[in-house]
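Reader: I'd like to learn how to read salt bridges in a protein model. Could you walk me through some?

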Amino acid sequence: MSTLVKKCNSVVPDIIARAAQKEGIDGKELALAIAKGKAVVPANPAREHDPIAIGEGCTVKVNVNIGTSGARCDPEYEYNKAACAIAEGADAIMDLSTGGDLKEIRKKILTLNATTGTVPIYEAVKRAGNALDVTPDLLFSIIREHCKEGVDFLTLHCGVNKESYESLRKDPRVTGVVSRGGAFHTAIIATTGEENPLYSEYDYLLEILAENETIISLGDGMRPGAVIDAGRRAKSTEYLTLGDLSQRALEAGVQRIIEGPGHIPIDQIDYNVRFIKEVTGNAPLYLLGPLVTDIFPGYDHVSGAIGGSIAAMSGADFLCMVSPSEHLALPDIDDIREGTRVAKLAAHVGDRGRKGDKWFDKGETGMAFARRNLDWNAQFSHAVYGDYARSIHDRDGETETCSMCGDLCAIKILKECLENRN
């Protein structure tokens, strides 16, 4: 059992107290949620950084993916992208690098003051040369390396097994398997007939993670890659497997996160979130999007934010940023900035939906009064990205109202009318 989880059953460890303070919640409440598997604090003791809490009683968090590829490999630029994401409010970073010296890239990313995750199968495939040459020993060795280096959470596609592959085969999808990690494991199963070692040797995997205080993010390797595939059987088969694996991790004292679907019609989001939450014992849920339409490339970050807001309102805890370049290209810094900001907006809206009438935010109240008073400086101070808002307002020079309404400003007209009556 993880030492941190074991402590949470009786005391409030310092790292948990710090995370709870940031959330504005009681440390005992957070420790109890962790012990019950309803919240996590990803904090590998091999490196120091500000902790975050994800799950029950916590605000919705945002992760941003960065990383090199075989087509574009500039480690320094990826570091700058990660730093940009953190500056824009990202709560966590995932290094998905597949090109260049992966160990050195990861080492540099881990110097940033942020919760950090990786996907070890990517490095395993790179070292082996192709997916079919990845051995269990190589994969577990790399997992252990990532843990020792200070990675806080690992996406591991343990739910991609023979059963989910059989569901995919019997109920085929247009886009097949779009998860890279899921595709690697599916290819191995389909070609060799051998079970995914992350599934067959799951207890051994949990021992490694417990020993190193590293969180398992149970990957959604069978997530639908198009809304037309959302109703196919493979993802539901994986959900049920993840439910079993989630329970086994909880019993082993290993903190875990569950990853969810990527492309889901808007009317199916609530059902899918509640289904996953139910079968996994209300474990923290981490979603890419979900994207609610496939025909607006270039605006997938908006599609993902729409889905993310609804998912968060339904109970999702952790949103993965979708960039404007999703499905098109490796994101640049502008994509990271825009995608992070839109994901933060989605998380904020989702929090509002969760809390309902209990929700109270001084920024929202302050903005209402600032707009009533036509106080532009106050409006920019209450805005999450105030400098950007100011740059738009100032395009037409300094004005009392915005340049769209000018003297026809509804607030100004009513204000003057009421003043004249008095």
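**Reading salt bridges**

Author: Happy to! Let's start with one pair in this predicted model. Lys108 and Glu76 form a salt bridge, with their closest N and O atoms 3.4 Å apart.

Reader: Which parts of the chain does that pair tie together?

Author: Lys108 belongs to helix H5 (residues 102-109) and Glu76 to helix H4 (residues 75-87), so the bridge ties together parts that are 32 residues apart in sequence.

Reader: Where does Arg232 find its salt-bridge partner?

Author: Arg232 pairs with Asp171, and their closest N and O atoms are 3.6 Å apart. Arg232 sits in the loop between strand E7 (215-218) and helix H12 (233-251), while Asp171 sits in the loop between helix H8 (162-170) and helix H9 (180-192), 61 residues apart.

Reader: Why does Asp171 count as buried?

Author: Its relative accessibility is 16%, and buried means under 20%. Arg232, at 36%, counts as partly exposed.

Reader: Are Lys61 and Glu23 buried or exposed?

Author: Both are buried. They form a salt bridge with the closest N and O atoms 2.5 Å apart. This one links Lys61 in strand E3 (residues 61-66) with Glu23 in helix H2 (residues 14-23), 38 residues apart.

Reader: How many salt bridges are found in the whole structure?

Author: The search finds 25. Some residues are linked in a network of salt bridges: Lys103, Arg106, Glu123, Arg127, Glu145 and Glu149.

How values were computed:
Residues numbered from 1 in each chain as written. Predicted model: local features only at pLDDT ≥ 70, side-chain atom pairs only at ≥ 80, totals over all residues. Heavy atoms only, no water. Salt bridge = Lys/Arg side-chain N within 4 Å of Asp/Glu carboxyl O. Helix = DSSP H or I, 4+ residues; strand = E, 2+ residues; numbered from the N terminus. Buried < 20%, exposed > 50% of the residue type's maximum accessible area, 1.4 Å probe, protein only.
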